[in-house]
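The structure is shown first, and the description follows.

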Amino acid sequence: MLAGCAGLRPPETADLSIYVLDARPAVDTRVPQRNAVLAVGTPRAWPGFDTPRIAYVRQPYELDYFATGRWADAPARMLGPLIVHALEHGGGFHAVVHSVSMVASDVRLDTELVRLQHEFLGGPSRVRIELRAQLIDMNDRRVIAARDFEETEPAAADNVYSGVAAANRALERVLTRLAEFCAVAGR
């Protein structure tokens, strides 16, 4: 009876690769600092992008996910520390903290990941990232400024790894622009 089961093997699956967002933007550390504390809220993601699955698009309005690659965590959760790092090095604030800390803050930054997808819509594939940001004055409880940031980056090849590399390059530019936005609008 055991010999009959020997031929039963689990179905073969492709190896699953795990990827991270680890963009380190080149920010201007010469931005004048002011005596204000910025709290960075936990980034949220729009539906379809709040998953560790890596999204791609072959035609408008149809979202699909790669079978052989995953993010180490949902991209919005990986963004939080990257945003804090970018703002610590170029946002012009005395201190940058996570909003869950007990430190009182003057300004809060709320962000939403609108889109992070590898696009196969004709021609070379590319990655698109869209991030929405709002700066809120914590004393007056009002929105100081809001802006959407969008970047695209061509992928070197039509595969998961090339898309991840392109995503990190595009994210570097988004984080640089976000730090500049916060430095100017948060005054």
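## Largest pocket

In this predicted model, the lining of the largest pocket receives at least two residues from each of S5 and strand S7 (107-119). The greatest contribution comes from S7, which gives four residues to that lining.

The space in the largest pocket amounts to about 160 Å³. Its lining comprises 13 residues, and those closest to the centre are Phe-49, Val-57, Tyr-61, Arg-115 and Gln-117.

## Overall architecture

The protein contains three helices and nine strands. Along the sequence, these elements follow the pattern α-β-β-β-β-β-α-β-β-β-β-α.

Of the 187 residues in the protein, 47% are buried. Among contacts with a separation of 6 or more, 70% are between residues 24 or more positions apart. The accessible surface of the protein is about 10400 Å², and carbon and sulfur atoms account for 52% of this surface.

## Strand S5 and its partners

Strand S5 (residues 62-71) pairs with strand S1 (residues 17-19) in the parallel sense, through three bridges. Within this pairing, Ser-17 has Gly-69 of S5 as its bridge partner.

S5 also pairs with strand S4 (residues 53-59), here in the antiparallel sense and through five bridges. Tyr-56 lies opposite Asp-64 of S5. Two residues separate the strands in the hairpin of S4 and S5, where Tyr-61 adopts a positive phi near 75°. Tyr-61 is also listed among the residues closest to the centre of the largest pocket.

Strand S8 (residues 126-137) and strand S9 (residues 142-154) are antiparallel and are joined by 12 bridges. Across this pairing, Glu-130 faces Glu-150 of S9.

The hairpin of S8 and S9 has four residues between its strands. A positive phi near 55° is found in this hairpin at Arg-141.

## Helix H2

Helix H2 (residues 75-88) consists of 14 residues. From the first C-alpha to the last, H2 spans 20 Å, close to the 20 Å expected at 1.5 Å a residue.

Is H2 mostly covered or mostly uncovered? H2 is mostly covered, with 10 of its 14 residues buried. The buried positions of H2 are Pro-75, Ala-76, Met-78, Leu-79, Gly-80, Leu-82, Ile-83, Val-84, Ala-86 and Leu-87. In an α-helix, residues three or four places apart point the same way, because there are 3.6 residues a turn.

Empty space left among atoms can be located by rolling a probe the size of a water molecule over them. How many cavities of 30 Å³ or more are counted in the model? The count is two cavities of 30 Å³ or more, and the largest cavity holds about 60 Å³ of space.

The largest cavity is lined by Ile-54, Ala-55, Trp-71, Leu-116, Gln-117, His-118, Val-127, Gly-163, Val-164 and Ala-167. Two or more of its lining residues come from each of S4, S7 and helix H3 (160-185).

Key. Residues are numbered from 1 along each chain as its sequence is written. This is a predicted model: local features need pLDDT of at least 70, side-chain atom pairs count only at pLDDT 80 or more; totals for chains, interfaces and linings use all residues. Side-chain values use heavy atoms; hydrogens and water are left out. Buried means under 20% relative accessible area, exposed over 50%, partly exposed in between (1.4 Å probe, protein chains only). Contact means heavy atoms within 4.5 Å. Accessible areas come from the Shrake-Rupley method with a 1.4 Å probe; for residues, only the protein chains shown count as cover. Two strands pair if DSSP finds at least two bridges between them. The expected span of a helix is 1.5 Å times one less than its number of residues. On a 1 Å grid over the protein atoms alone, a cavity is a set of points where a 1.4 Å probe fits but cannot get out, and a pocket is an open set with protein on both sides within 12 Å along at least five of seven lines; lining residues have an atom within 4 Å of a point. Grid points are joined across faces, edges and corners, and a volume is the space filled by probe spheres set on the points.
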